[in-house]
Each structure stands twice: as C-alpha cells, then as structure tokens.
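Subject: Structure for you to look at, with notes

Dear colleague,

Please find below the structure that I am handing over to you.

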Amino acid sequence: IAIDLNTNRIVQKIMFPSDVALPTTYLNDIRFDLRRGQGGIAFITDSSSLGPPALIVVDLATGKSWRRLSGHPSVRAEPNLTPIVEGQPLMMREPGRPPKPLTMGSDGIAISNDGRTIYYRALVTHHLYAVDADALADQNRSEQDVENTVRDLGDIGYASDGLESDNRGNVYLTDYDHQAVHRRDANGTDHVLVQDVRLIWPDTLSVAHDGYLYISVNQLDRAPIFHDGQDLRRPPYALFRTRIEGRPVQLTR
C-alpha cells in the first residue's frame with residue numbers, strides 16, 4: 001500500500017497473486033530501488049516458517065511480482081541453531097505441546113548504497129548472505145542464474161531481526177542474542193555499535209537524515225508463544241536512537 005503523506009491518502013494498492021504470496025507466506029521487511037523501471041522495484045522478505053521462505057520482487061509501476069530463492073538454503077533458518085536470548089534458549093513453547101525450534105526464514109533485508117547488492121538473512125541463522133540485485137530484478141533470469149549470484153558472507157556469530165544500510169557503504173544489523181546493534185563496514189569488518197540491556201529484541205532499523213539510527217524494540221522473545229502462553233512483555237515498548245555518521249540510502253532518480 002502506497003500512502004501520499006502530503007494528503008494522507010492511499011494512492012496505490014498492489015495485490016500479490018497466489019503463486020507469489022503463498023498460503024504460508026509472511027510478508028515482512030522491504031527495501032526499494034526507485035531508479036529501476038518506470039516506477040521502481042521493491043524487494044521483500046517472505047519469512048515463512050510453515051512453507052518455503054523467499055525473496056519477493058515487485059515492479060511498483062505495473063504491480064507485477066515474482067518469487068526468488070524460494071526455499072533456497074540462504075533464506076531458511078539454520079538447522080540445529082537455538083538462539084539464546086536474555087539467557088534462555090529461544091524455542092516455540094505452546095501449552096500442551098513439546099518445545100520446538102523457531103524456523104522463521106528470511107527476515108532482515110538491506111540494499112547497498114549503489115543498489116547492486118541485496119543483503120539478507122533468516123531470523124534464525126548466524127550467517128549473512130548477499131545476492132545480486134540485477135539478477136533479482138530481472139524476471140527473465142533463470143532461478144539458477146539468481147542462485148549463482150548468492151554469496152555466503154560467513155558466520156558472524158549472532159542472529160538478527162532487522163538490517164539497514166547507509167550511504168557510506170555500512171550495513172547495520174540487530175543482534176537479539178546479545179541485546180546489541182552492529183555496524184558492518186564496507187570492508188566486511190564487524191563492530192558493536194551499541195549494546196544495552198534495554199534492547200530487548202531489537203527489531204527494525206532505520207537510518208534517518210538527522211544523523212541517527214533508529215531502533216525499534218518489541219520484546220518478542222517474551223511473547224506468549226515462547227512461554228507456554230504466558231505473556232512476559234512489559235509495556236511501554238521503546239524506540240531508541242544512536243548517533244551515526246551515515247545518512248539514508250536514496251536510490252531515486
């Protein structure tokens with residue numbers, strides 16, 4: 001849904017066909033390159049834990065959409081990985097059922113400052129991946145061609161929910177294992193940007209023009225689905241910010 005913030009009116013709705021948004025699809029994070037095509041391209045993560053996760057690509061001018069990397073290992077949760085959050089193993093714990101692993105797929109997504117690379121990772125993995133944006137955006141490329149551009153950037157030692165990027169070539173990653181946010185420099189070096197006990201499941205990140213990185217905190221690990229139906233979340237929820245040198249990535253004409 002596109003909203004004109006000058007008029008507060010919905011100006012466009014894009015519906016997904018059933019072979020793109022599957023019955024199991026969980027549409028999650030989104031990034032844009034508005035230079036592509038007539039009206040730009042959107043890249044969205046399908047974070048499904050019940051069906052194949054994927055990356056979904058949308059032509060904003062025509063509304064046409066397509067799936068990429070559906071069920072590919074890079075978009076799936078890492079096998080045999082149990083995150084430790086606030087000192088406790090994070091598992092699905094529903095009343096009357098045995099605990100089971102969390103298997104949500106591709107979640108965080110970021111686009112490089114030049115628009116050539118899409119960074120992404122599953123909710124439950126210690127690996128970071130990159131894929132060629134041109135390959136994703138070209139519907140005529142074969143799935144094998146797209147897969148051939150996937151790069152495993154390695155085990156970075158923590159799991160993330162949200163990803164973001166800036167105009168200096170940095171990628172920012174939440175770290176819900178350690179209540180932190182990291183900055184990955186253009187050369188691949190990882191730094192802890194901020195760590196605080198109040199960052200109880202840092203989720204979405206947003207680089208703003210005011211020189212701050214904004215961090216939403218939703219206490220997801222305290223939700224009832226992880227605690228036999230007991231809700232351990234404690235409002236108010238928080239939006240934090242931390243000063244950075246970068247500014248937003250703006251891929252516009």
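A residue is called buried here if its relative accessible area is under 20%, exposed if the figure is over 50%, and partly exposed in between, as computed with a 1.4 Å probe on protein chains only. Helices (H or I, at least four residues) and strands (E, at least two) are DSSP runs, numbered from the N terminus. Please keep in mind that this is a predicted model, in which local features need pLDDT of at least 70 and side-chain atom pairs count only at pLDDT 80 or more, while totals for chains, interfaces and linings use all residues. Residues are numbered from 1 along each chain as its sequence is written, and side-chain values use heavy atoms, with hydrogens and water left out.

I begin with strand β14. Of the 5 residues in β14 (residues 171–175), 5 are buried, so this strand is largely enclosed by the rest of the structure.

Strands are taken to pair if DSSP finds at least two bridges between them. On that basis β14 pairs in the antiparallel sense with β13 (residues 163–165) over 3 bridges, and Ser165 stands opposite Val171. The hairpin of β13 and β14 has 5 residues between the strands, and Gly169 takes a positive phi near 90 degrees there. β14 is also joined to β15 (residues 180–184), by 5 antiparallel bridges, with Tyr172 opposite Arg183. These two strands form a hairpin as well, with 4 residues between them, and Gln179 in the turn has a positive phi of about 50 degrees.

Together, 4 strands make an open antiparallel sheet in the order β13-β14-β15-β16. Because β13 and β16 (190–195) stand at the edges with a single partner strand each, one side of each is left without a neighbour in the sheet.

Next comes the interior. A nonpolar core is a set of buried Ala, Val, Leu, Ile, Met, Phe, Trp, Tyr and Cys residues joined through side-chain atoms within 4.5 Å. The largest such core has 20 residues, and those with the most contacts inside it include Phe43, Leu55, Ile118 and Leu136. At least two residues of this core come from each of β4 (41–46), β5 (54–59), β9 (106–111), β10 (117–122), β11 (127–132) and α1 (133–137), and α1 gives the most, with 4 residues. Apart from this core lies another, of 14 residues, among them Met92, Val124, Ala159 and Trp201.

Which salt bridges might you look at? A salt bridge is a side-chain nitrogen of Lys or Arg within 4 Å of a carboxyl oxygen of Asp or Glu, and a search of the whole structure finds 14 of them. Asp33 meets Arg35 in one of these (3.0 Å, N to O) and Arg36 in another (3.1 Å, N to O). Asp33 is buried, with a relative accessible area of 0%, whereas Arg35 is partly exposed, at 37%. Asp46 forms a salt bridge with Arg67, their closest N and O atoms being 3.0 Å apart; this pair links distant parts of the chain, from strand β4 to strand β6 (residues 65–68), 21 residues apart. Both Asp46 and Arg67 are buried. Salt bridges that share partners also join Asp33, Arg35, Arg36 and Asp134 into one network.

With best wishes
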